[in-house]
Amino acid sequence: MPERRGVLRRRALAADLPRPHGLSGRPGRRNSDEGVAVTRVGIITQARMTSTRLPGKVLFRAGGKTMLAHHLDRLAATGFPVITATTQNGADDAVVDEAVAHGALVYRGSENDVLSRFAEAAADAELDVIVRVTSDCPLIDASLISRGVERYLALEDTEAHVSNVLERTYPRGFDFEVFSAAALADANAHATDPADREHVTPYLYRNRSGRMTMHAIRRSEEASAFRVTLDTPDDFALLSALIDEHDAAKLDAEAIIRTLTTYPELTAINVHIEQKKLGE
């Protein structure tokens, strides 16, 4: 099937972000009609069926679609190519089928060494810049990701790490990180801590190389107490209520936050859930 490709000029504005379009071949660095180099930006998301707390969660359904379909469709709105990095486990054949059905590219790699899976997926797609997300964010916001990519490209620094997760002001469920493929390759070559390899980016944001610079995307008002990620049955109950009763699949992050603020009975569904700690 045709691959989606997306490119972004440095210092492009969010309104100018390219829309998805079908082209054969890989996304690649090339010159524009004016001879100006463009940068290959791609989104890599991780997904598997063997989640420890809620197995099969990516294919749970709400609003007539799987959680993975909601996630991928919202990512596609950025206009960047979307790569689903899953495993070689046969159980993840279903993930591959769902990803392909929703226009995503697929890379299959190690189940436990997720850092190598990401690095190999990035190399296979020949990316320069990576947006890292996870499939437990079915209501992820494309415009927020675009804001992060804008910020990253404006820095013109391959050692930069831009995210909304280190200084958390957004709810869990809108998480993203932006960094260079070169930095990811360096992490893959040098990371030895099992937690670094399982969780992909600790080597970067803990600055183990001594060269990384951290840049935060912040919300003007704190909203990190809300939780719209998918990790437990109660998380799924909240997401189902948001999607089925409040049409959240069509809402951006700000509208979803307003909904949670307006209806505290929604947040009560999963307020007791504790996020897994690094290494758990």
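This is a predicted model: local features need pLDDT of at least 70, side-chain atom pairs count only at pLDDT 80 or more; totals for chains, interfaces and linings use all residues.

User: How many helices and strands does the chain have?
Analyst: There are 10 helices and 12 strands. These are DSSP runs numbered from the N terminus: helices are H or I with at least four residues, strands are E with at least two.

User: And how much of the chain is buried?
Analyst: Buried residues make up 54% of the 280 residues. Buried means under 20% relative accessible area, exposed over 50%, and partly exposed in between (1.4 Å probe, protein chains only).

User: Let's look at α3. How many of its residues are buried?
Analyst: 9 of its 12 residues are buried, including R117, F118 and A119.

User: What do those buried residues pack against?
Analyst: They pack against β4 (39-46), β7 (82-87), β8 (105-109), β9 (129-134), α5 (181-190) and α6 (194-199). Contact here means heavy atoms within 4.5 Å.

User: What happens just after α3?
Analyst: E126 takes a positive phi of about 55° there.

User: New topic: how many aromatic pairs are there?
Analyst: The count comes to 1 aromatic pair. F60 and F236 are edge-to-face, 5.1 Å centre to centre with 75° between the planes. Rings of Phe, Tyr and Trp (its six-membered ring) pair if their centres lie within 6.5 Å; planes under 30 degrees apart are stacked, over 60 edge-to-face and the rest tilted.

User: Where in the chain are those two?
Analyst: F60 is in the loop between β4 and β5 (61-62), and F236 is in helix α8 (residues 233-246), 176 residues apart. F60 is partly exposed, with a relative accessible area of 25%.

User: Last one: which strands does β10 join, and which way do they run?
Analyst: 4 bridges join β10 (residues 160-163) to β12 (residues 213-216), running parallel, and 2 bridges join β10 to β11 (residues 177-180), running antiparallel. Two strands pair if DSSP finds at least two bridges between them. H161 has M214 in β12 as its bridge partner, while V162 stands opposite V178 in β11.

Methods:
Residues are numbered from 1 along each chain as its sequence is written. Side-chain values use heavy atoms; hydrogens and water are left out.
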